[in-house]
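Take a look at the model below.

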Amino acid sequence: MVSLDFDPGLCRNESEVEGKFIISYLLPALGFSPHTWYQQVALGKSRLDFFIFTAKYNPFMSDRKCFQFSFVIEAKHPKENLNRHISQLKNYLTVLNVRYGILTNGKELRIYENTEGKAINIFECKCPETPKHISQIKSLINISELIKVSRKPARAVPKLRHKNFSRKGRISMNKKIAVYHNKGGVGKTTVVTNLAAALSRKGKKILVIDLDSQANTTFATGLIKFSEEKGDDIKDNNILKIMRRVSSAHIQEVIKKSQFNTPEVDIIPSHIQLLEKEYELVMERNAELLFSDNLKFIEDQYDVILIDTPPSLNLYARTALVVADYLIIPSDLKPFANQGLPNVKKFIESTNETRRHIGKEPVNVLGILPSKVPNYSKFVIHTLPGRMERVKAEYGIDIMDTCIFQREILAQCTDNHERTDTDIIPNPKSVFDFKPNSPSAKEFESLADEIMKKCGLGE
Ligand SMILES: Nc1ncnc2c1ncn2[C@@H]1O[C@H](COP(=O)(O)OP(=O)(O)OP(=O)(O)O)[C@@H](O)[C@H]1O
Ligand SMILES: [Mg+2]
């Protein structure tokens, strides 16, 4: 990592911000050598402080389609308020059709993304903290792709690939697992919470993300204590906060520790506000990508990230399927759930299309997880195998090996509560903390083993 051994905020003027911070530190730290960038560039009416381009696509020899391989940096005097310069940067980005722009006055560094004519602030940090965020900045503006393109033969659209690094610094397997079916009540939330518990008991560090406005996972993991509404900050610190802008501070603020299971599991909670805010987020257009970029700040702290979804085809379900590496589809295998499978398949195809645009492989479908299926022996022996075969043949989706049967205990552990003289306080538990030797606990343990094997998560 290139270090920053001075405070760029002490630069005396704009030239020093350019010379000491951008040229001496920022561009080398981002991996750009001097032949890849140009200073004080006039393009039409735009006067850019820095125009960074790959050597392959020299802007002065290429047509404007290649501007997608570039970004601009605007430097300002340390006393300048950056807010006053956003419209100028936006103008450069839209006129030149450049996707990213950096704005800095030596004190603050901000990144804006040109999305359909709007300059969206996708990242900001204090300049002295830039070294800490340099790899994040690189991945946000696809630096590795810019550099790769400069060394390789041209190809139409640069492909984005993100490696996952484990907490120990090794390259690890992908590990974000979404649990989705557009049919309600098939056991998605029950699977997410108890699978999280099972994996954490196997020594895995787990983050659960609740992307459903019903907030059932948030409730089932014990984060909602109705008697303590005043002390509850979920209203202000929930998943919405990380769908609007990229900020390492924000994602740290929304992660909560949950005690519904031993060992504890981290949760990003949901809130009913998701419902009313969905339209605004859809209009802002890049909530999925901002959310995905925010996850990059913290994902190497976890072995598995489990995402619960709403029974819907909405923005939040879409976000989960765009972000996830793997998908589990819980289903009770009853006709209503089966009739929803063509919708699930179409939705996967549509979210895979979005993934293709951002250079991600299609989501890896682990299969349909039989969940909430009756456990009486006649059904299990004579009916269930035929149902599984038919669903697999008709819808072309594999059936997972584990089966989560319908058992009262799974509803009871979520409904667990404590009574005081004046109140009833929810105290939901994982099935492992509630009844560790129950058949349901064993089923979730098998599911965790299956997931670890299929996702290459090791012992
Ligand atoms: N295997 C099971 N055995 C018995 N009850 C179950 C089982 N799985 C889930 N339930 C119960 O069924 C209800 C719906 O389950 P859950 O909330 O997990 O479904 P969901 O798919 O997440 O629903 P939604 O689509 O509304 O989010 C809950 O009351 C839950 O306790
Ligand atoms: Mg649910």
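Helices H1 and H3 pack at an angle of about 40°, and their axes are 9 Å apart. The model is a predicted one. Two packed helices are described by the angle between their axes and the distance between the axes.

Which residues make the contact? H1 supplies Leu26, Ala29 and Leu30. H3 supplies Thr130, Pro131, Ile134, Ile137 and Lys138. By class, the contact of H1 with H3 has 6 nonpolar residues, 1 polar and 1 charged.

## The six-stranded sheet

Strands of a sheet pair through backbone hydrogen bonds, either parallel or antiparallel. One open sheet here has 6 strands, in the order E1-E2-E3-E4-E5-E6. Its pairing is mixed. The edge strands are E1 (37-43) and E6 (118-126), and each of them pairs on one side only. From one strand to the next, the twist averages 30°.

E1 pairs with strand E2 (residues 46-52) in the antiparallel sense, over 6 bridges. There, leucine 43 stands opposite serine 46 in E2.

Two helices meet this sheet. Helix H1 (residues 14-30) lies across E1, E2, strand E3 (71-75) and strand E4 (100-104). H1 runs at about 140° to E3. Helix H3 (residues 130-140) packs on the sheet too, touching strand E5 (108-115) and E6. The direction of H3 makes about 155° with that of E6.

## The eight-stranded sheet

A second open sheet is built from 8 strands. Their order is E11-E12-E10-E13-E9-E14-E15-E16, and the pairing is mixed. Which strands lie at the edges? They are E11 (256-258) and E16 (404-405), each pairing on one side only.

E15 and E16 pair in the parallel sense over 2 bridges. In this pair, serine 371 stands opposite isoleucine 404 in E16. Helix H10 packs on the sheet and touches strand E9 (176-179), strand E13 (304-308) and strand E14 (326-331). The direction of H10 makes about 145° with that of E9.

The axes of helix H9 (residues 287-298) and helix H10 (residues 315-323) come within 9 Å and cross at roughly 45°. That angle makes H9 oblique to H10. The crossing of H9 and H10 is right-handed. On the H9 side, the contact is made by Ala287, Glu288, Phe291, Ser292 and Leu295. On the H10 side, Leu315, Arg318, Thr319, Val322 and Val323 take part. The residues of this contact divide into 6 nonpolar, 2 polar and 2 charged.

Now turn to H5 and helix H15 (residues 439-454). They pack at an angle of about 75°, with their axes 9 Å apart. Is H5 roughly parallel or roughly perpendicular to H15? The angle makes H5 roughly perpendicular to H15. H5 brings Asn194, Leu195, Ala198 and Leu199 to the contact. H15 brings Phe444, Glu445, Leu447, Ala448 and Ile451. The contact of H5 with H15 has 7 nonpolar residues, 1 polar and 1 charged.

## Around the ligand

How many residues surround ligand 1? There are 19, and the closest are Gly184, Lys188, Thr189, Thr190 and Pro311. Helix H5 (188-201), strand E15 (364-373) and helix H13 (408-415) each supply at least two residues of the shell. By class, the shell around ligand 1 has 5 nonpolar, 10 polar and 4 charged residues.

## Two backbone details

Most residues other than glycine have a negative phi, and most peptide bonds are trans. Proline 263 is found in the loop between E11 and strand E12 (265-268).

The other place is alanine 215. Alanine 215 sits in the loop between strand E10 (206-210) and helix H6 (216-220).

Note on methods:
Residues are numbered from 1 along each chain as its sequence is written. Chains are lettered from A and ligands numbered from 1 in the order in which they are written. This is a predicted model: local features need pLDDT of at least 70, side-chain atom pairs count only at pLDDT 80 or more; totals for chains, interfaces and linings use all residues. A residue is near a molecule or strand if its C-beta atom, placed from the backbone, lies within 6 Å of it. Helices (H or I, at least four residues) and strands (E, at least two) are DSSP runs, numbered from the N terminus. Ala, Val, Leu, Ile, Met, Phe, Trp, Tyr, Cys and Pro count as nonpolar, Asp, Glu, Lys and Arg as charged, and the others, Gly among them, as polar. Axes are lines fitted to C-alpha atoms, for helices over the stretch in contact, and angles run from 0 to 180 degrees between N-to-C directions. Angles under 35 degrees count as roughly parallel, over 145 as roughly antiparallel, 65 to 115 as roughly perpendicular and the rest as oblique. A crossing is left-handed if the near helix is turned anticlockwise from the far one by less than a right angle, and right-handed if clockwise. Two residues are in contact if their C-beta atoms, placed from the backbone, lie within 7 Å. Two strands pair if DSSP finds at least two bridges between them.
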